[in-house]
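These are my notebook entries on one structure. I set down what I looked up, entry by entry.

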There are 2 protein chains.
Amino acid sequence: MASAATHQAPKGTRDFYPEEMAVRRHIESAWRHASIVHGFDEIDGPTFEHLSLYTVKSGDGIVNELFSFRRAGGEDDYALRPEFTPTLARMVAARAGGLSMPVKWFAIPSHFRAERPQRGRLREFIQWNVDMVGLLGAQADVDVLSTAILALERLGLGPSDVRVRLSHRGAVGAGLRALGAAAESLAEAFTLLDRRDKMDPKEFDTRARAIGLPAEAIDRFAALAKTTLPIDSDASEIAKALGCDETDAEPLADIARRLREAGLGAWCEIDLGIVRGLAYYTGTVFEIHEASGAERAIAGGGRYDRLVELFGGPSLPAVGFGMGDVVLGLVLKDRGKLPTESERSLLPRTDAFLISAGPEKADALVARLAFDLRRLGLHVRHSYKATHNVGKLLSEAGKCRARFAVIIGTELESAMVAVKDLDAGSQRLVPLAEVADAVRVAS
Amino acid sequence: MASAATHQAPKGTRDFYPEEMAVRRHIESAWRHASIVHGFDEIDGPTFEHLSLYTVKSGDGIVNELFSFRRAGGEDDYALRPEFTPTLARMVAARAGGLSMPVKWFAIPSHFRAERPQRGRLREFIQWNVDMVGLLGAQADVDVLSTAILALERLGLGPSDVRVRLSHRGAVGAGLRALGAAAESLAEAFTLLDRRDKMDPKEFDTRARAIGLPAEAIDRFAALAKTTLPIDSDASEIAKALGCDETDAEPLADIARRLREAGLGAWCEIDLGIVRGLAYYTGTVFEIHEASGAERAIAGGGRYDRLVELFGGPSLPAVGFGMGDVVLGLVLKDRGKLPTESERSLLPRTDAFLISAGPEKADALVARLAFDLRRLGLHVRHSYKATHNVGKLLSEAGKCRARFAVIIGTELESAMVAVKDLDAGSQRLVPLAEVADAVRVAS
């Protein structure tokens with residue numbers, strides 16, 4: 001038998017004890033709520049997929065970042081889901097003919113990456129995915145962004161806590177072309193833009209020249225990566241910053257205008273340095289960051305109009321984002337948006353704590369009343385201690401944050417019980433048949 | 001690139017499109033509700049664990065039933081979680097000193113078994129786990145059973161749909177001893193009892209003799225496996241059926257009495273043939289079945305007082321059960337307890353469908369009003385079609401089951417909008433600032 005010490009959660013995974021689970025549910029319910037009020041329907045897929053689903057899009061290079069396996073005696077290679085988009089694309093492709101467009105789906109599953117665990121990055125994490133498929137244009141992009149923002153607002157964050165940083169591959173591509181980048185080198189140009197901070201300046205220089213940028217353009221390329229513009233910029237201002245035609249800046253300006261119209265302008269800014277690493281984005285791209293730039297991105301997404309096609313479906317435009325629980329949890333904690341004293345206050349409160357004051361008949365009555373009240377939807381607890389000491393039992397009721405204590409046994413001959421309001425400190429006698437109403441008023 | 005046909009969910013796993021997801025959430029929220037009102041706190045653990053966590057309890061024989069894997073370049077063997085109990089025992093053992101007893105936890109995670117998929121049995125399934133640790137005796141057993149029953153009741157099932165079948169290893173063990181089984185062969189006797197229906201009668205006979213049962217006892221052993229008793233049986237009646245002392249029948253009689261006292265008697269019966277396959281149960285055992293015996297067990301559980309110790313923790317009594325979503329889903333369907341016409345009726349209803357009746361200003365107002373109403377918690381949709389045809393848009397509102405349509409644009413000069421109650425068919429003009437109140441009344 002293995003020793004106790006070997007029985008730990010695998011590296012990079014988490015045990016969710018009640019307090020941590022309450023935080024997770026707090027985050028998940030903000031995600032779910034924001035999705036539903038925006039008209040997205042919840043879906044889910046398998047926790048593992050055929051390995052080939054992931055190599056299609058990302059090539060074999062991704063295999064080392066995956067947990068992959070094969071069933072004993074089986075022939076198929078599987079991998080734990082590293083992201084949800086391939087599953088989504090597969091599900092849309094499988095039913096594309098029968099789905100009414102636009103498809104608006106969200107999911108809140110676990111994801112897995114075989115990376116070295118570090119701050120903000122674990123091997124298993126929960127990620128909220130919101131996607132709209134089948135609709136071109138800025139309206140869809142804004143609906144998706146609005147969903148992300150509402151969830152953050154419900155978690156207590158505001159425009160001074162988090163920033164939505166927005167860009168557009170079409171506009172930035174036009175800017176890069178204007179700087180001298182060859183049309184066929186745009187993908188490499190985006191990669192350079194994305195990795196500029198992690199890259200040796202010399203390597204950056206060499207690779208920038210290789211895509212056709214003349215020496216005098218390289219500084220401007222680097223400067224472009226650091227350019228932010230206010231969300232009330234119009235197409236001519238964006239075009240000016242990019243050195244491109246106003247037509248190419250139009251789509252980004254359109255999204256900015258719609259964000260302002262929807263009342264979301266305060267949360268957003270244009271950041272021409274945002275490109276997103278993955279090659280499959282085709283238009284709008286965005287990230288959500290803690291305002292001071294601390295921590296990794298809270299969320300990232302954009303438009304990927306060729307993705308469903310890649311998975312064997314029809315050509316369908318799509319836009320979406322992913323938001324993980326790990327970085328968001330750190331930001332909520334950093335910003336004081338989680339109950340500081342004890343995360344237990346996120347746990348559901350007990351409506352009624354039942355106390356048997358003595359006779360055996362009262363014990364049986366507690367069992368019966370407990371189920372009757374629970375059946376009515378009330379959250380009921382009672383002690384498991386072999387005591388009828390009402391003072392001790394009242395203190396246990398207080399510890400589990402009960403709203404009411406119901407004391408049974410002192411007035412049983414008259415079928416009355418004492419209902420004590422533990423918040424107000426008041427107490428009154430109530431007929432046994434009316435306990436549910438008495439403890440429900442304040443719930 | 002792989003062809004479209006290879007992009008399917010792995011065998012034995014499921015895609016949850018919105019309708020299927022709504023059924024899953026319907027089941028999960030009944031589970032969660034029943035747990036919370038009974039005072040259980042939600043927890044979760046990693047989706048995969050060290051492989052050794054599973055071989056400790058079940059031996060190496062279990063490895064073929066697991067999906068196991070290793071990170072590329074890593075040294076640790078992992079396995080997808082086949083059941084939650086080892087994770088629970090590990091989590092209790094890790095913090096045993098700091099937890100206040102009894103620990104009352106529930107979890108609703110995914111589980112994985114590398115078996116051949118068949119009706120009621122998939123390779124990935126959701127399972128509700130409810131456990132109470134640190135408390136001996138019938139009260140804990142009954143609290144756990146009561147939690148299971150309340151969830152079934154909330155899903156629309158009643159005592160004529162499902163039966164709780166209850167037994168006790170102590171009582172049945174005493175009965176087996178009385179028949180002549182050797183004390184050291186009780187584990188094998190339980191295995192025989194559990195597998196009797198899947199076993200060749202000759203093999204059953206041979207193995208029954210091997211544990212010391214005389215020829216004349218074997219028929220009585222087989223008969224015992226088929227013995228059911230009403231839940232209002234007392235210790236002497238149970239002892240008589242088992243041929244054991246009344247003292248040995250006491251614990252089972254005590255649970256039966258408490259179930260009756262709590263008002264749960266109608267759901268339950270004593271079934272001496274229930275033993276549960278796993279070796280770790282030590283007292284009470286139970287299964288919940290569809291009343292006619294169709295389908296596999298909906299749930300199974302019992303008392304396992306040595307489990308935490310096995311995982312390196314202190315010696316702590318424990319009782320719990322697991323209920324999967326697959327068999328339960330089949331039973332709900334068979335029994336007509338899911339909306340028959342369309343599972344879409346389980347999806348959340350739209351509160352307000354916003355319609356722009358024309359001017360460009362109205363389009364912008366729809367975007368703004370949509371976010372304002374969503375921020376107030378209302379579920380809002382609008383069309384993505386480029387039309388201002390109010391008739392067509394009203395029909396779209398009907399399709400997404402909206403309660404109200406809000407028509408913007410016809411009376412904009414006076415800052416009024418038309419609010420149409422789609423259930424009642426009535427319509428009235430409302431000041432723009434009061435739309436939220438107008439659509440909230442009926443929500």
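**Entry 1: a residue in a strand**

I began with B:Val133, which I found in strand S7 of chain B. I keep in mind that the whole model is a predicted one. Is B:Val133 buried or exposed? I counted 26 C-beta neighbours inside 10 Å, and because 20 or more are enough for a buried residue, B:Val133 counts as buried.

I then listed what B:Val133 touches, leaving out residues up to four places away in sequence. The list holds B:Val92, B:Pro102, B:Val103, B:Val308, B:Leu316 and B:Ala318. I also checked B:Glu246, which is 113 residues from B:Val133 in sequence. In space the two are 28 Å apart, C-alpha to C-alpha.

**Entry 2: the strands around S13(B)**

From S7(B) I moved to its partner. Strand S7 of chain B covers residues 124-133, and seven bridges join it to S13(B). The two strands run antiparallel. Within this pair I noted B:Asp131 opposite B:Gly320.

S13(B) also pairs with S12(B), again in the antiparallel sense, over five bridges. Here B:Gly300 stands opposite B:Gly322 of S13(B).

**Entry 3: a residue in a loop**

Next I looked up B:Glu295. This residue lies in the loop that links strand S11 (284-290) and strand S12 (299-303) of chain B. I found 16 other C-beta atoms within 10 Å of B:Glu295. Because a count between the limits of 12 and 20 is neither exposed nor buried, B:Glu295 is partly exposed.

B:Glu295 and B:Arg119 are 176 residues apart along the chain, yet their C-alpha atoms are separated by 8.2 Å. Setting aside residues up to four places away in sequence, I recorded contacts of B:Glu295 with B:Gly120, B:Glu290, B:Val327, B:Leu330 and B:Val331.

**Entry 4: a covered helix**

I turned to helix H5 of chain B, residues 169-179. How many of its 11 residues are buried? I found eight, and the helix is mostly covered. Among them are B:Arg169, B:Val172, B:Leu176 and B:Leu179. Two glycines, B:Gly173 and B:Gly175, are on the list as well.

Against what do the buried residues of H5(B) pack? I noted strand S8 (162-168) and S11 of chain B. I also noted four helices of that chain: H6 (186-195), H8 (215-224), H9 (235-242) and H10 (246-261). Just after H5(B), B:Gly180 takes a positive phi of about 120°.

**Entry 5: a sheet of three strands**

In chain B I found an open sheet of three strands in the order S2-S4-S3, with antiparallel pairing. Strand S2 (48-50) and strand S3 (68-70) are the edges, since each pairs on one side only. From one strand to the next the twist averages 35°. S2(B) and strand S4 (residues 77-80) are paired over three bridges, and B:Phe48 stands opposite B:Leu80 in S4(B).

**Entry 6: the nonpolar cores**

I looked up the largest nonpolar core and found 121 residues in it. The members that touch the most others are A:Ala352, A:Leu354, A:Val406, B:Ala148 and B:Ile238. Helix H4 (residues 138-154) of chain B supplies the largest share, 10 residues.

Leaving aside neighbours within four places in sequence, its contacts include A:Ile355, A:Val417, A:Val419, A:Val435 and A:Val439. Another core, of 120 residues, lies apart from the largest one; A:Ile43, A:Ile126, A:Ala235 and A:Ile288 are among its members.

**Entry 7: the two chains together**

Finally, I compared the chains. A rotation of 180° with 0.0 Å of shift along its axis superposes chain A on chain B, with an RMSD of 0.1 Å. The two copies are therefore related as by a two-fold rotation axis. In chain A the C-alpha nearest the axis belongs to A:Phe69, at 2.6 Å. I noted that 100% of the contact residues of chain A recur in chain B, the same surface serving both copies.

How many residues of chain A are in contact with chain B? I recorded 76, which meet 76 residues of chain B. Helix H13 (residues 360-375) of chain A gives the most to that side, with seven residues. By type, the side of chain A divides into 37 nonpolar, 20 polar and 19 charged residues.

Conventions. Residues are numbered from 1 along each chain as its sequence is written. Chains are lettered from A and ligands numbered from 1 in the order in which they are written. This is a predicted model: local features need pLDDT of at least 70, side-chain atom pairs count only at pLDDT 80 or more; totals for chains, interfaces and linings use all residues. Two strands pair if DSSP finds at least two bridges between them. Axes are lines fitted to C-alpha atoms, for helices over the stretch in contact, and angles run from 0 to 180 degrees between N-to-C directions. Copies are superposed by least squares on the C-alpha atoms of residues with pLDDT of at least 70 in both. Two residues are in contact if their C-beta atoms, placed from the backbone, lie within 7 Å. Ala, Val, Leu, Ile, Met, Phe, Trp, Tyr, Cys and Pro count as nonpolar, Asp, Glu, Lys and Arg as charged, and the others, Gly among them, as polar. A nonpolar core is a set of buried Ala, Val, Leu, Ile, Met, Phe, Trp, Tyr and Cys residues joined through C-beta atoms within 7 Å.
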